[in-house]
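Subject: Structure handover

Hello,

Here is the structure I said I would pass on. Please open it beside this message and follow along; my notes come after it.

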Amino acid sequence: MSRKIVAIFSNPTLILLTAFGLVGVGQAQNSKTPYAKMAPINQYLMTESAEIALARSAAPASISGDATIVVLKQNGYETVVKGKNGFVCIVERSWMSPFDWPEFWNPKMRGPICFNPAAVRSVLPYTYKRTDLILDGLSKAQIIERLKQVVAKKEVPALEPGAMCYMMSREQILGDAGGHWHPHLMIYGPRSDSADWGSDLAGVPVYLNPQFQNSPEPLGTFMVVVDQWSDGTPAPIRKASVAGAKDAQGN
């Protein structure tokens, strides 16, 4: 896990995923690495009905109600509800986080996301690719190498302008310390840094998400914090947990 992600997402700030990646899993030899290896796949799974509900909670019902829903099964993600608005709602697991994140194998992590159509075509395929490689039993080094090949061979479409997603579920579990954190949007673009958006500055509700900064996927991701959960209830921004991020970086 990079220093940047520790700074922005450590307790009491967000520990991200992606997605985003939950207890008693593949316990390591010591307490410093409680998630040293992948747990049995059943620990990452949910009942279909529960996962559908959690996936829909990523975005307001006006979006998620007509979205396609995919859920994780033993052999990968499967579409269980066919939508009609082009959005796809999914619950990502811990392996969508940076490869060096200590909770990469945390089976408790649940990251409900609703991707817009542009992201469905050009971002979501990376979730499917990583997940398939994970379930095939590849090592992290092998997965990284395979993802580099995926990018080089253009097996995933180029990032589309306007690609974004909603992560507004009050039920999201983004790590042992980050918990539910804040409802937010994620906007995808070419790999970038904070200066391009003025992010991570005092009073700016935009934060660089290092999820893919050091990964094979050629994506840059910015998070925009919002003040309500997907069900419309208020989610006051805990100023100390976001504004304190720069201090945690030692800047």
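Glu48 is partly exposed, with a relative accessible area of 36%. Keep in mind while reading that this is a predicted model.

Salt bridges

Glu48 pairs with Lys73 in a salt bridge, and the closest N and O atoms are 2.6 Å apart. Glu48 sits in helix 2 (residues 48–56) and Lys73 in strand 1 (residues 68–73), so this pair ties together parts that are 25 residues apart in sequence. Lys73 also counts as partly exposed, at 24% relative accessibility.

As background, side chains of opposite charge can pair when their charged atoms come close. How many salt bridges does a search of the whole structure find? The search gives eight. Two more of them are described next.

Lys108 and Asp176 meet through their side chains, at 3.0 Å from N to O.

Arg170 and Asp231 form another salt bridge with their side chains, at 3.2 Å from N to O. This pair links distant parts of the chain, 61 residues apart: Arg170 is in the loop between strand 5 and strand 6, and Asp231 is in the loop between strand 8 (220–225) and helix 7 (239–243). Arg170 counts as partly exposed at 32% relative accessibility, as does Asp231 at 47%.

There is also a network: Lys129, Arg146 and Glu155 are joined by salt bridges that share partners.

Two helices

Two packed helices are described by the angle between their axes and the distance between the axes. For helix 5 (residues 124–135) and helix 6 (residues 140–152), the axes come within 10 Å and cross at roughly 145°. The crossing of helix 5 and helix 6 is right-handed. Which residues make the contact? Helix 5 supplies Tyr126, Lys129, Arg130, Leu133 and Ile134, and helix 6 supplies Ile143, Arg146, Leu147, Val150 and Val151. Sorted by class, the contact has seven nonpolar, three charged and no polar residues.

Two asparagines

Asn106 lies in the loop between strand 3 and strand 4. Is Asn106 buried or exposed? Asn106 counts as buried, at 1% relative accessibility. The side chain of Asn106 has a polar contact of 2.5 Å with the side chain of Glu103.

Asn116 is placed in the loop between strand 4 and helix 4 (117–122). Asn116 has a relative accessible area of 10% and is buried, because buried means under 20%. What does the side chain of Asn116 reach at 3.0 Å? It is the backbone nitrogen of Ala119. A polar atom of the Asn116 side chain also lies 3.1 Å from the backbone nitrogen of Met164. Apart from neighbours within four places in sequence, Asn116 is in contact with Gly86, Phe87, Gly162, Ala163 and Met164.

Regards

Notes. Residues are numbered from 1 along each chain as its sequence is written. This is a predicted model: local features need pLDDT of at least 70, side-chain atom pairs count only at pLDDT 80 or more; totals for chains, interfaces and linings use all residues. Side-chain values use heavy atoms; hydrogens and water are left out. A salt bridge is a side-chain nitrogen of Lys or Arg within 4 Å of a carboxyl oxygen of Asp or Glu. Helices (H or I, at least four residues) and strands (E, at least two) are DSSP runs, numbered from the N terminus. Buried means under 20% relative accessible area, exposed over 50%, partly exposed in between (1.4 Å probe, protein chains only). Axes are lines fitted to C-alpha atoms, for helices over the stretch in contact, and angles run from 0 to 180 degrees between N-to-C directions. A crossing is left-handed if the near helix is turned anticlockwise from the far one by less than a right angle, and right-handed if clockwise. Contact means heavy atoms within 4.5 Å. Ala, Val, Leu, Ile, Met, Phe, Trp, Tyr, Cys and Pro count as nonpolar, Asp, Glu, Lys and Arg as charged, and the others, Gly among them, as polar. A polar contact is a pair of N or O atoms within 3.5 Å; within protein, one must be able to donate a hydrogen and the other to accept it, and residues adjacent in sequence count only if both atoms are side-chain atoms.
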